[in-house]
Amino acid sequence: MLEFAHQEHVKSYYLDSRNQTFELPPLTQQEEADVCVIGAGFFGLSSALELAEKGKKVIVLEGARVGFGASGRSGGQAINGFEEGIDEYIAQVGFDKAKQLWDMSLEAIDIIDERIAKYGIQCDWKKGYATLALNERRMDDLIEMEKASHATFGYDKMQLWDKAKLKQHLGSDIYVGGLYDSNSGHLHPLNYCLGLAKACLDLGVQIYEQSPVVDLVEKSGSIEVKTDKSAVISQDVILATNAYIDALPKSIHHGINRKILPVESFIIATEPLDQATADSVINNGMSVCDNNILLDYYRLSADNRLLFGSDSSSEKDMVQIMRGNMLHVFPQLENVKIDYGWAGPIDMTMNASPHFGRISPHIYFAQGYSGHGVALTGLAGRIIAEAILGNDERLRIFEGLKVPSFYGGKYLKNLATKIGVLYYKFLDRYR
């Protein structure tokens with residue numbers, strides 16, 4: 001049985017503060033659809049929503065619960081751009097297509113704005129995001145990032161902050177400065193995901209939970225999507241499994257699992273802070289990360305909890321490890337209680353480029369968001385929907401990106417992750 005199948009949501013602050021609950025039935029009888037989406041996270045639901053808005057009959061199959069994975073557990077930061085630098089994309093695809101990629105990353109933020117407004121999604125969406133540098137060399141990277149985005153693409157939403165400016169808004173002494181983006185932001189990921197699901201249901205999308213897909217069979221003119229209990233006959237299929245793709249049979253993914261490496265991330269949530277203590281941490285509502293390779297990220301929730309996460313974890317007591325990391329940044333929180341701690345995988349590519357494309361003319365996928373999934377998943381849903389509806393111009397730009405493969409199967413992937421974490425910790429310490 002698939003390792004995620006028939007699971008309930010992981011205990012987290014997001015789960016306990018969700019504003020709606022779905023108990024959707026499993027698929028028990030054969031159904032037909034124009035499009036079958038495998039996975040009910042941000043990408044799967046965004047694809048379904050785009051297609052339903054255009055009149056397509058869509059069925060979504062979820063092996064566990066809506067928002068079971070990163071879509072219901074992540075840091076909730078919605079960031080424009082891509083993890084790889086602008087110059088790398090220009091070198092790969094040329095200036096014009098790199099500019100289109102940049103503009104699409106801005107559209108990804110606009111999609112969040114649009115959907116929240118159109119469907120009345122209550123998810124604590126708040127603008128403001130800062131990337132911070134722990135030393136002068138890393139500050140130079142932020143200076144180059146601001147220069148490249150402004151000079152190359154005319155983006156004017158970023159501000160460079162020196163240490164004094166940063167201290168006006170952040171109660172930590174460990175950073176030398178930062179880059180503030182007024183357009184990026186953060187939200188409650190599970191409530192956003194559940195809001196997307198409700199919008200889909202209201203448009204007639206059928207969502208089946210606890211319905212893991214076990215096989216895909218392409219036939220003449222259709223695809224049979226087999227679950228553990230029944231099947232969907234569909235014209236097109238979208239794989240929206242992301243970090244869980246390694247658990248699926250090769251007959252489903254056809255080897256695209258080699259393009260991503262699931263990396264564990266861990267988050268703690270404090271007890272609610274009084275307003276004075278909250279303001280001593282962050283006083284302008286922004287979300288924050290540093291620019292280490294293995295980075296820390298944090299923000300205040302709507303009820304003034306500090307949510308503090310890291311891109312790496314281990315089999316040790318991660319709550320205590322993360323508490324130590326938090327106190328390194330904010331020693332004033334020494335006496336604050338930790339109420340929650342949870343983990344989950346995110347899907348990284350080797351070069352941090354997103355991996356969107358087609359396995360066959362009627363089987364589509366998008367994965368490898370590399371920490372930018374809250375925003376990029378919405379864009380991916382729109383681009384894949386466009387392709388299914390007959391315009392694959394934007395999808396072909398993403399298909400032109402080079403995404404190296406990881407080889408050796410799940411065991412070697414796990415080994416590579418452990419070695420990589422140690423290597424990147426070394427780089428973060430000495431670069």
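Trainee: To begin with, does R394 count as buried or exposed?

Mentor: R394 counts as buried, because its relative accessibility is 18% and the cut-off for buried is under 20%. Bear in mind that this is a predicted model. The salt-bridge partner of R394 is E107, with 2.6 Å between the closest N and O atoms. E107 lies in helix α4 (residues 95-119) and R394 in helix α12 (residues 393-399), so this pair ties together parts that are 287 residues apart in sequence. E107 is also buried, at 17% relative accessibility.

The closest N and O atoms of R358 and D392 are 3.1 Å apart. Here R358 is partly exposed at 27% relative accessibility, and D392 is partly exposed at 21%.

E107 and R394 also belong to one network, joined by salt bridges that share partners; the other members are E50, E114, R115, R382 and E386.

A further salt bridge joins R323 and E334, at 3.3 Å from N to O. R323 is in helix α10 (residues 318-329), whereas E334 is in the loop between α10 and β15 (338-348), 11 residues apart. E334 is partly exposed, with 44% relative accessibility. The count for the model comes to 23 salt bridges.

Conventions
Residues numbered from 1 in each chain as written. Predicted model: local features only at pLDDT ≥ 70, side-chain atom pairs only at ≥ 80, totals over all residues. Heavy atoms only, no water. Salt bridge = Lys/Arg side-chain N within 4 Å of Asp/Glu carboxyl O. Helix = DSSP H or I, 4+ residues; strand = E, 2+ residues; numbered from the N terminus. Buried < 20%, exposed > 50% of the residue type's maximum accessible area, 1.4 Å probe, protein only.
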